Amino acid sequence: MSASLLPPPVPALFPAPEERRRVEDALTVELIEVLGRLQAGPATPTIDIASFRVELQTHDFSRVRPLDEVLRWTIERLEHGLVQMANPRYFGLFNPGANFPAQCADRIAGLFNPQLASSASSPVPVELENHVIRALGRRAGLPEPIAGHFATGGSEANYTALLCALTRAHPRFAAEGVRAFAGPVKFYTSRECHIAWLKIAHQAGVGREALRLVPTDGRGRLDPIALQRLVNEDRAAGAVPVMIAATAGTTGGGMIDPLAACAKIAATESLWYHVDAAWGGAALASNRLRPLLAGIERADSITIDAHKWFATTMGCAMFITTHGSLLSEAFHCSTSFMPSSLAGLDPYLNSVQWSRRFMGLRLFLALEVAGWQGLGSHVERGVMVIERIKERLVAAGWHVANDSALAVLDVEPPPALGDVRALVKRVVASGRAWVAPTNFEGRDVVRICATNGETSEADIEELVAVLNGR
Ligand SMILES: Cc1ncc(COP(=O)(O)O)c(C=O)c1O
């Protein structure tokens, strides 16, 4: 055999198997210890970010360091440099402490690094993701055939819904964009919706004024009478309504819009019916909570973020629809370099993304090991955590502003504890817990959400104590 004319692979990037094992084994041990510290330590960052910026200036990539050292340095900085989702006293913004099967999935996906754009490149991953999407769709009660895909987030999945609605609303939308419509496009969500809808309107080219924020009923849920009135007014003014997007689990108050009433209006008005169940969709896993989402089975499409209440690692949303052919219509294109071009199957022909990470494995593994029952128990546990907090705060004179049956509590402190924003600032600065200030139906409230699957009675006590200024 002749000597290789090629230089050896760059060892820092592609180390030998023994070296990989040594580093990975050490990393595994280290991460378990870190998790213990994160759970016991402060929920909020303690790093001085100005000093960190100065420190970063010395990392100009002219000097190299061993991987062990860089990993240690990175973990140490992260340990002090972010709001810790892994901390069981993080009662935060739907960001979960990640479940372990999902973390394993990321490790596996990192090794294989499959390209999920094409079914020819990744036949097994594509089938596996479709299997999970269909299972969620069936759990929601959607009629067959069920289609869809994993997305980077709820925002991408909701954007996909609007593109489907527009594509169905006018046969010339694909070719001409909004110029195809006889008047300005409108779509409807409640004013308690996730406000990324504004960006979605912008990026879809329909303009931010296309978004109609429907008044709520005083309890954080879309008012269907107001919805019907807005649709009528818009039509009378020459506008073109295309979609109703109800929210199942609002970001601020965990409220569920009247899903069946919205479905009825969408059907009568021939509008696309989308349910943004980014967070609340997880209730489908629980037999006890599932009836709260009645009406979701009438949706044309649904958003569910596994990286919220199903506690996978970040960036694991789902877009689920009964109109697979419309996805193919909205995202079709053709090129000779791709290894496959199957309209109903290849993710790059059915979704916003082209190159695509193997996201669905995270939920697949979690479902395989915990089942619907295990995920349902996890979701119900979150509701119980909130019930326990509610009892204690009410006993201490707090007032509950929302009546969500899910795991978000919006509360107003007794006057002696002062203004909400100052109170939340004090709690967060203490590091003992993390909560958010928000506005619910015009009132300033402290928003408390059960996001961590390992929150204990002691964590609840600690939260209640710090909220009460003890
Ligand atoms: C109801 C709802 N929809 C959509 C989103 C956006 O999801 P993502 O942050 O995954 O893009 C959120 C985020 O919190 C949400 O609460």
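How far apart are the mean positions of the positive and negative charges of the protein chain? The mean positions of the 45 positive and 48 negative charges are 2 Å apart; Lys and Arg count as positive and Asp and Glu as negative, with His and the chain ends not counted, and the place of a charge is NZ of Lys, CZ of Arg, CG of Asp or CD of Glu.

The model is predicted: local features need pLDDT of at least 70 and side-chain atom pairs count only at pLDDT 80 or more, whereas totals for chains, interfaces and linings use all residues. Residues are numbered from 1 along each chain as its sequence is written, and side-chain values use heavy atoms, with hydrogens and water left out.

**Figure 1. Overall view of the protein chain.** The protein chain contains 14 helices and 11 strands (DSSP runs numbered from the N terminus; helices are H or I of at least four residues, strands E of at least two). Its radius of gyration is 24 Å, close to the 23 Å that the globule rule gives for 470 residues, so the chain is as compact as a globular protein of that length (radius taken over C-alpha atoms; the rule is 2.2 Å times the number of residues to the power 0.38). Along the principal axes, the C-alpha atoms fill a box of roughly 75 × 70 × 45 Å. Of the 470 residues, 50% count as buried (buried means under 20% relative accessible area, exposed over 50%, and partly exposed in between, with a 1.4 Å probe and protein chains only). Among contacts between residues at least 6 apart in sequence, 70% join residues at least 24 apart (contact means heavy atoms within 4.5 Å).

**Figure 2. Close-up of strands β1 and β7.** Four of the five residues of β1 (residues 147–151) are buried, so this strand is largely enclosed by the rest of the structure. Five bridges join β1 to β7 (residues 317–321), and the two strands run antiparallel (strands pair if DSSP finds at least two bridges between them). The bridge partner of F150 in β7 is M318. In the loop between α5 (123–140) and β1 lies P145, which is joined to E144 by a cis peptide bond with omega of about -5 degrees.

**Figure 3. Close-up of the four-stranded open sheet.** The strands follow the order β8-β9-β11-β10, with antiparallel pairing. β8 (399–400) and β10 (436–440) are the edge strands, each pairing on one side only. Four bridges connect β9 (residues 408–412) with β11 (residues 443–449), and L409 stands opposite I448 in β11. The loop between β10 and β11 holds E441. Phi of E441 is near 50 degrees, a positive value in a residue other than glycine. E441 counts as buried because its relative accessibility is 15%.

Figure 4. Although S270 is not a glycine, its phi is positive, at about 55 degrees. With a relative accessibility of 61%, S270 counts as exposed.

Figure 5. Helix α12 (residues 360–395) includes V369. V369 has 64% relative accessibility and therefore counts as exposed. V369 and L345 are 24 residues apart along the chain, and their C-alpha atoms are separated by 27 Å.
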